[in-house]
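My plan is to look up a few features, one entry at a time.

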Amino acid sequence: MQEILEQIATELPLLYGQGKVADYIPELAKIAPDQFAMTIHTIDGHEYSIGDANERFSIQSISKVIVLVMAINILEEKLWERVGREPSGTPFNSLIQLENEMGRPRNPFINAGALVTTDAIIASCKDAYQEILNFVRTNTLCDDISYDENVARSEYQHSERNTALTYFMKSFGNIKSDPLTLLDIYFHHCSLAMSTKELSRLFLFLANGGVNPLTGERILTPLQTKRVNSLMMTCGLYDNVGDFAYRVGLPAKSGVGGGIVAVLPGEFVVTSWSPELNQSGNSLVGTRALELFTQHTGYSIF
């Protein structure tokens, strides 16, 4: 695996400069664009990394998987009365579908859907900020993971679209909490700063039938785990999900911070990070790295 990662790294340099960092969030626009990291963590305890694998970055929409898992544990099947399970085919912050679908987001990985799952956590927790942080720290065995307050503040200061989504869903009765509190918690979990090594460890339970192999704790049932992985496969890359499935062939979730986490059930988690994005908001170099990985290894769900 280590040799494969090193080979992949030699095939990427020509791609640098072809993407663009997420400059609509001013704090993310400051990130040096030519960084790269990749980590593989197997469910039997092996870990392999290349590049800036200890460098923490803003995980952004990857956190939507975290709040989905927490919301499933809170609401179980009732969650799907408030959010759908279909690919959106539209940008992650689109308002268009909400009008036609009566304030029920198409899936939990677009912004509107993650606002609903975050709302579910708020309703059941005294301190949602801390509960989300506890989930991440417990399942990575890293007690110093935290929110990047500068990123969270930057997002809040440029939150017109997400504010519109929140109040629009509130008008349909699909948001229960105070919208401004909800937005702040949402921006905070998107601002979580983690490395590829930490993200790979965090998602191991999705490769291991719902059990975290680092702690032995069951996070989801096998059926729930299958369903979360299926949602990552069909909805995890926004309106680029079909091309990603074609090229990579693994359930995955991306974030505009440049991270992508992919899962091969029963085997491993592989995480890539490079800040420059393609037109759909997914890491350009990171996507290519994962494509090369599945080509060189033959690993995919297909």
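How are H4 and H8 oriented to each other: roughly parallel, roughly antiparallel, roughly perpendicular or oblique?

**Entry 1: ground rules.** I am working with a predicted model, where local features need pLDDT of at least 70, side-chain atom pairs count only at pLDDT 80 or more, and totals for chains, interfaces and linings use all residues. Residues are numbered from 1 along each chain as its sequence is written, and side-chain values use heavy atoms, with hydrogens and water left out.

**Entry 2: two helices.** I looked up helix H4 (residues 111–124) against H8. Helices are DSSP runs of H or I with at least four residues, strands are runs of E with at least two, and both are numbered from the N terminus. The two helices pack at an angle of about 110°, and their axes are 10 Å apart. H4 and H8 are therefore roughly perpendicular to each other. That label covers 65 to 115 degrees; under 35 is roughly parallel, over 145 roughly antiparallel, and the rest oblique. Axes are lines fitted to C-alpha atoms, for helices over the stretch in contact, and angles run from 0 to 180 degrees between N-to-C directions.

I then listed who touches whom, with contact meaning heavy atoms within 4.5 Å. H4 brings Asn111, Ala114, Leu115, Thr118, Asp119 and Ile122, while H8 brings Leu182, Leu183, Ile185, Tyr186 and His189.

**Entry 3: the sheet.** Three strands form an open sheet in the order S3-S5-S4, with antiparallel pairing. Two strands pair if DSSP finds at least two bridges between them. Strand S3 (57–58) and strand S4 (146–147) are the edges, each pairing on one side only. S4 pairs with strand S5 (residues 192–194) over two bridges. I found Leu192 of S5 as the bridge partner of Tyr147. Helix H8 (residues 179–190) lies across S3, S4 and S5, at about 10° to S5.

Entry 4: Ser191 sits in the loop between H8 and S5. Is Ser191 buried or exposed? Its relative accessibility is 0%, so Ser191 counts as buried. Buried means under 20% relative accessible area, exposed over 50%, and partly exposed in between (1.4 Å probe, protein chains only). Beyond four places in sequence, Ser191 touches Ser58, Gln60, Tyr147, Asp148, Val151, Ala152 and Glu155.

**Entry 5: the core.** The largest nonpolar core has 62 residues. Such a core is a set of buried Ala, Val, Leu, Ile, Met, Phe, Trp, Tyr and Cys residues joined through side-chain atoms within 4.5 Å. Leu192, Leu199, Phe203 and Leu206 have the most contacts inside it. Helix H2 (residues 63–75) gives the most, with eight residues.
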